[in-house]
Amino acid sequence: MRIIRTDNYDALCKIAADIITAQILLKPNCVLGLATGSSPVGVYKMLVQKHRDEHLDFSRVRSFNLDEYVGLSPNQEQSYAWFMSEHLFKHINILPANTDIPNGIAENIQNECDRYDAKITSCGGIDLQLLGIGQNGHIGFNEPSSSFTCGTNHTRLSDSTIKANKQYFETGKRIPTHAITMGCRDILQSKRALMIALGDNKALAVRDMLTGPITPMVPASILQLHRDFTLIADGAALSKLENHKLAVNTLTSP
Ligand code: F6R
């Protein structure tokens, strides 16, 4: 496990974008696992810049997103399909056929979960999985529960996740209560995992993920077993680790 501490969001995004770039250079036809939410927005912005200015080539890259809300179609602005198109896909040369996001309006959600896992497997698994972390320790939309999830699954969002996501929906609009998410097993099986965490509202989740027991009550704690896990975080997200002996690499911006 590697922990990198940065002093601001730009520095954090730059390191994450550099690691993703290195993955693409190492294996131009790599499989990226992508996340949505506020944390990766700046990372995607830097990848777009690298594509424009440094010709970073996505033409052979494949991607799978972590999750999608059930009931939202890709042309609804709050869907994660829309998010990915706006923040990344439409600005780079990735082939639309090489991007996959769970279909939130599939007629049979279980079949869609099975299709998603089979597709990930047929592509050889995820080379690098980008992650954020929920305030309750969720990864993807694997919420605290009594057992770790396996593959892609249909999940009920916890009240705290619904509350945290409220900001993205207009007042009065129905907020989704369910999602399709890659499972903890899918995430654990990725060859590399890269998490970005910022803000003091993530500090307890980060502490429990890294120093608490490995328990499905803190889904991110399963990453303690990941073969190649890097956390890039700001001081606020790492603030509850002060009494724990963890090696933290501090990178300050020039
Ligand atoms: C999003 C996802 C979630 C978010 C998490 C943090 O695809 O899987 O686990 O990464 O909820 O969200 P932000 O970055 O908005 O704090």
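**The ligand site and an aromatic pair**

By residue class, the shell around the ligand comprises four nonpolar, eight polar and two charged residues. The model described here is predicted. In this model, 14 residues surround the ligand, and the closest are Ser39, Asp67, His138, Gly140 and Lys202.

For Ser39, an N or O atom of the side chain is 2.5 Å from a ligand oxygen atom. Lys202 has a polar side-chain atom 2.7 Å from an oxygen atom of the ligand, and a polar side-chain atom of Thr36 lies 2.8 Å from a ligand oxygen atom. The ligand taken alone exposes 410 Å², of which the protein buries 90%.

Aromatic rings were examined next. Across the whole structure, a search finds five aromatic pairs. One of these pairs is formed by Tyr69 and Phe169, and its geometry is edge-to-face. The ring centres of Tyr69 and Phe169 are 5.8 Å apart, with an angle of 70° between the planes; an angle over 60 degrees counts as edge-to-face. Tyr69 belongs to strand β4, which spans residues 67-69. Phe169, by contrast, lies in the loop between α5 (159-165) and β8 (178-181). The two residues are 100 residues apart, and the pair thus links distant parts of the chain. Strand β4 covers residues 67-69, and Asp67 is among the residues closest to the ligand.

Note on methods:
Residues are numbered from 1 along each chain as its sequence is written. This is a predicted model: local features need pLDDT of at least 70, side-chain atom pairs count only at pLDDT 80 or more; totals for chains, interfaces and linings use all residues. Side-chain values use heavy atoms; hydrogens and water are left out. A residue is near a molecule or strand if one of its heavy atoms lies within 4 Å of it. A polar contact is a pair of N or O atoms within 3.5 Å; within protein, one must be able to donate a hydrogen and the other to accept it, and residues adjacent in sequence count only if both atoms are side-chain atoms. Accessible areas come from the Shrake-Rupley method with a 1.4 Å probe; for residues, only the protein chains shown count as cover. Ala, Val, Leu, Ile, Met, Phe, Trp, Tyr, Cys and Pro count as nonpolar, Asp, Glu, Lys and Arg as charged, and the others, Gly among them, as polar. Rings of Phe, Tyr and Trp (its six-membered ring) pair if their centres lie within 6.5 Å; planes under 30 degrees apart count as stacked, over 60 as edge-to-face and the rest as tilted. Helices (H or I, at least four residues) and strands (E, at least two) are DSSP runs, numbered from the N terminus.
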